[in-house]
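Hi everyone, thanks for coming.

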Amino acid sequence: YTMIETLKNLIGEALKELGAEPGAITLEHPAELTHGDYSTNVSLAYAKQLGKNPRALAEEIVAKISGKSLSDIGIEKMDIAGPGFINFHLSKQFFAREIKNISALGAKWGAGTGSAGKKVMVEYTDPNPFKPFHIGHLMTNAIGESTARIFEYSGAEVIRANYQGDVGLHVAKSIWSLLQKGKGDTTLSAQAQAEYIGRCYTEASTAYEENPEAKAEIDAINKKVYERSDAAINDLYDWGRAVTLEAFETIYALLGTKFNQNCYFFESVMAPIGKKIVEANIGPVFEESDGAVVFKAEKYNPKLHTRVFITKQGLPTYETKEIGLTLTKFTQENPDLSIVVTAIEQGPYMSVVQKAISLIHPDYESRMFHLTHGMMRFASGKMSSRKGNVITGESMLADARELVEEKIAEREYTDEQRRDIAAKVSVAAIKYTILKQQLGGNIIYDEERSVSFDGDSGPYLQYTAVRAQSIHEKGKKEGVATDAALPEQWTTTSLEKYLYRFPEVVERAYLYREPHHIAGFLLELAAMFNSFYAQEKIVDAHDAASPYKLALTAAFCTTMKNGLYLLGIETPEKM
């Protein structure tokens, strides 16, 4: 992190001394650790400007830098590769200083300042009362929570927002079924009652498609929900809305998400706000067409298209509610950046809405960002949970929890420990599967592999962190001190050469809004630690290097915990 800045300054000064006007200087980590810790192509980039052969220029740059006190900076040596790449090898003293630094920073290790003083709102999850919490909600929750934590780590004040559809056809469908069947057993938990409402919704959806009479009845109920004109419907609506929202809170707690209390936004509130804004901008932005109000976005960008904002019946569409929501967010919180996380299929729709908003409020255009994700597919091809029901986000979590419980059934845990481990590990299994690949692509979910304690999985990363923690605790019990003072004759390990890169990885995830950079790094880092653990006896009272090995183990544990935290994954105490 600071080493990158130091190297860029050294290279920039050398280029100036050689008559160049340095601009951007690129530094990368060579693919092979033996090729150095940083590499730059500046000699190739500036050779033409200086009229020199790239390799000869590289030699001159190295000669200029060699005149500085490199050992104090932490550079052991430099060499030139290929047509003129300059490789920097860092010293073991530098890596030992980084181990001390990790210990000193603790939970703040890896944090940056890129968004210091900024207010960032992240809207995510967005489930709908009266409907099941489905897999898409699980995906947007994992991505949104990780994004929120990454921005917090960059110094931002983060506001977590949740936009929920508490009006619309889906509500009318559930109420149609509930009018016939009743509320069911209201003494059950909110989750059980919400599951019952979800089943009612599914049955009504089928009836709506197949039965014209049912369709007409549901459409009539939908109108009455908006009007609040029927006492029986109002009673079912108020009860069903409260029950499903309470059930969602149980899921949020399990997933480690806590939304800002005043940032639960609802379609029922946003609809009239949006409608008023659209109607006030007919002419400058929107236009009337066949009795409806539309926005012809292709006038401003040929890649966009026309969308309806108010129907012929005078009803606001999703687009209008989105305008009401966005302007409410900016009026209420005034964020420097407003991020919305949704499935990728909502990309074209959101682009049109954001264009309309930018015409009403040009100052909002650069402050709106839409983060999209792909769909989840199942490796097994099955679309039902272990109990035979259609897979929802909730049943997916329950299935993963059952699988973990089966895996740890023979281990000596109390019932409370077993429940705690199963809850944390099952969440890690699903979140890691979602976050480990670049956003936008479809995700293949393999239930068995996701809960594996080996290989490319969230539980494997948790297990490796817990193992490191237990080794550190063992050192304490055996009276071996933890000390980052560099032992004599120490050979720098691959683990040290990876640990110090963590802040760079976090910054990359922040800049590109891509959590997969952290997930990939943690997987490599875990492999490095397990290799180190296999080759070294870490706790050994007779080994003078043991205190340093324990400091290195503690630094690894801190880095893993911090990285997992940024993915929204909790590290269990035992495993």
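**The parallel sheet**

Five strands form an open sheet in the order 7-6-5-11-12, with parallel pairing. Before I go on, a word on the source: this is a predicted model, where local features need pLDDT of at least 70, side-chain atom pairs count only at pLDDT 80 or more, and totals for chains, interfaces and linings use all residues. Residues are numbered from 1 along each chain as its sequence is written, and side-chain values use heavy atoms, with hydrogens and water left out.

For the terms, helices (H or I, at least four residues) and strands (E, at least two) are DSSP runs numbered from the N terminus. Two strands pair if DSSP finds at least two bridges between them.

Back to our sheet: strand 7 (264-266) and strand 12 (368-373) are the edge strands, each pairing on one side only. From one strand to the next, the twist averages 25°; axes here are lines fitted to C-alpha atoms, for helices over the stretch in contact, and angles run from 0 to 180 degrees between N-to-C directions.

Contact, by the way, means heavy atoms within 4.5 Å.

Now, how many of the residues of strand 11 (residues 337-343) are buried? Seven of its seven, with buried meaning under 20% relative accessible area, exposed over 50%, and partly exposed in between (1.4 Å probe, protein chains only). Strand 11 pairs with strand 5 (residues 119-123) in the parallel sense over four bridges, where Met121 has Ser338 as its bridge partner. Strand 11 also pairs with strand 12, over six bridges, and there the bridge partner of Val341 is Leu371.

Next comes an open sheet of three strands, order 8-9-10, with antiparallel pairing. Strand 8 (287-289) and strand 10 (306-310) each have a single partner strand, so one side of each is left without a neighbour in the sheet. The twist in this sheet averages 50° from one strand to the next. Strand 9 (residues 292-296) pairs with strand 10 over four bridges, with Val293 partnered by Ile310. Lying across both of these strands is helix 13 (residues 347-360), at about 65° to strand 10.

**Helix 3 and the cores**

Helix 3 (residues 54-66) has 13 residues and reaches 18 Å from its first C-alpha to its last, close to the 18 Å expected at 1.5 Å a residue; the expected span is 1.5 Å times one less than the number of residues. Its residues Leu57, Ala58, Ile61, Val62 and Ile65 are buried. They cover an arc of only 140° around the axis, which puts them on the same side of helix 3; the arc is that of the directions from the helix axis to the C-beta atoms. Their cover includes helix 1 (2-17) and strand 3 (75-81).

Last, the cores. A nonpolar core is a set of buried Ala, Val, Leu, Ile, Met, Phe, Trp, Tyr and Cys residues joined through side-chain atoms within 4.5 Å. In the largest, of 99 residues, Met376, Met396, Leu495 and Leu499 touch the most other members. Apart from it lies another core, of 30 residues, among them Ile11, Ala47, Leu57 and Ile75.
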